[in-house]
Structure formats: C-alpha cells, structure tokens
Amino acid sequence: MTIRPTPLADVALATALLTRLPVPVPAEHASTRGAAAAWAYPLAGLPVALGAGGLALGLMALGLPPAFAAGMALAVQVVLTGAMHEDGLADSADGLWGGWTRERRLEIMKDSRIGSYGVLALVLAIGLRWSLLAALGPLLLAPLLGAALLSRAAMTGVMAALPNARTDGLSRSIGRPGAGAAVLAMALALGLSLALLGPQALLLAALAGLATLACAALARAKLGGQTGDILGATQQVAEIVTLATATALLA
C-alpha cells in the first residue's frame, strides 16, 4: 500500500528520527520521505522543549531554585533525544580538531570512543546551556521553544547546503532535502518564534543563522561536506547562541 505523504506524516517521521518518543512511522514512508520530511525538523523539537520547560517551571513553582530546574530541563532534553545532538557535537569536536586530513577526521568521527576535544565540547555545551536556562529562570519556556525551533531549522539548512561527506551514515541514508524544504523549515521556525517571542525573535534567528553559517563553513573546509555528527553539532551551537541572545534580551 502506498502511503500518501501528508504534513502530519512528515512531522511524525521527523519526530521519530530526532527523538526517542514512540511515534509510529510506516517503513515505506520512512524510506521514501526521509529528506523531504526535513522541513518538519523544527516541529520535532517542540515536544522536547515543552517537556523540559514544563518540568522546569513546575519545579520552580514548588520553590526549587532555577539552577536545579535548569539542570532537570537539560536531563529531560537528553532523555527525549537520546543525546543524539550532544553525541554529534562530541564526535565533531574530536574529528575536526583531532585529525590532520579529511579521511582521518571522518575516521575519528566514526569511532564510538570519545577523546579530549569531545569531552571538553560536551562540558562546555552543557555548562553554557545550564547557566543560560538558570539565568532565564521563570522566563525560560519561550526561549527554550524558540531555540528548539531555530536550531533544528539550522540542521535542515546545512543538510540542503552541503553535500554528504560520507558514502554511508545516517545523514547519507536520509538524503539531502531540496531548497524548498530548507526554506520551509526556516520560515516555520521563524514564524513560530515570532509568535512566541515577538520581534526579538528576529535577532535570535539572525545570530543563530550566523552560527549555522560558521558551522557549515567549518564542515566544508575540513570535511568537504556534512555528516550526521555535523548536523548534531550545528544544532547544539545554534541552540546555545539562541539561548544566549534570549538571555541578554530578557533576563
């Protein structure tokens, strides 16, 4: 039976790919719509951010300090995503800075072991996200949702802009989305961020876009393209930049 591609089916596919939420996706739809469904990546981040932000607000309402609530919000994000993006950040840091040739960098990134660069990248990323969420305190929900939207739109943009650096791997198996899917993802993320944060979302999106361009330029220079690890690293960098900008504006 042929599965008709619908927006809802694409959202389910994106959610199943980027989270550990038990979303049923027909195998035929997954095999034929992998890249085309990348427009829905921003929406896949919403349940993760809602779960994390909702728990944090609930803990603060009970009188627990924002620092503790921020730590629990990060724990929820890690559980709901399976630490997929954090793993990509660690592997990218090890490969991009641990290898002297393109082939060696890709080899390091494929290794399941983590090195010094990867550990440092994870410590810095978690520490920065924790401090920013703690600083936002009761105001964290809208910025967290905006960061989830914009950082995952960044992934779609990099997928569309850069060729695959490998002949295998998750990103290669999904395929490259077209420019239309990337534009739709960015428009969707920006529109929803504007609804959540108002005109300030324009600055968040602009700075997240610059961070994304920097990640893409680095991947092109050192790998000749993108991988699943690069996409995860891009999401983490864009999320940190978005949260930092929101904190400067709101907190």
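Please keep in mind that the model is predicted.

**More on the second largest pocket**

- Two or more lining residues come from each of H5, helix H7 (116-136), helix H11 (200-223) and H12.
- H5 gives the largest share of this lining, with five residues.
- By residue type, the lining of the second largest pocket has 12 nonpolar, two polar and no charged residues.

**The largest pocket**

- The volume of the largest pocket is about 410 Å³.
- Its lining is made up of 26 residues, and Leu170, Ser171, Thr227, Gly228 and Asp229 lie nearest the centre.
- At least two lining residues come from each of helix H1 (7-18), helix H5 (84-98), helix H6 (102-110), helix H8 (141-161), helix H9 (170-174) and helix H12 (228-250).
- The lining of the largest pocket divides into 11 nonpolar, nine polar and six charged residues.

**A look at Ala147**

- You will find Ala147 in helix H8.
- Ala147 counts as buried because its relative accessible area is 0%, and buried means under 20%.
- Leaving aside residues up to four places away in sequence, Ala147 touches Glu239, Thr242 and Leu243.
- Pro26 is 121 residues from Ala147 along the chain, and the C-alpha atoms of the two are separated by 29 Å.

Key: Residues are numbered from 1 along each chain as its sequence is written. This is a predicted model: local features need pLDDT of at least 70, side-chain atom pairs count only at pLDDT 80 or more; totals for chains, interfaces and linings use all residues. Side-chain values use heavy atoms; hydrogens and water are left out. On a 1 Å grid over the protein atoms alone, a cavity is a set of points where a 1.4 Å probe fits but cannot get out, and a pocket is an open set with protein on both sides within 12 Å along at least five of seven lines; lining residues have an atom within 4 Å of a point. Grid points are joined across faces, edges and corners, and a volume is the space filled by probe spheres set on the points. Helices (H or I, at least four residues) and strands (E, at least two) are DSSP runs, numbered from the N terminus. Ala, Val, Leu, Ile, Met, Phe, Trp, Tyr, Cys and Pro count as nonpolar, Asp, Glu, Lys and Arg as charged, and the others, Gly among them, as polar. Buried means under 20% relative accessible area, exposed over 50%, partly exposed in between (1.4 Å probe, protein chains only). Contact means heavy atoms within 4.5 Å.
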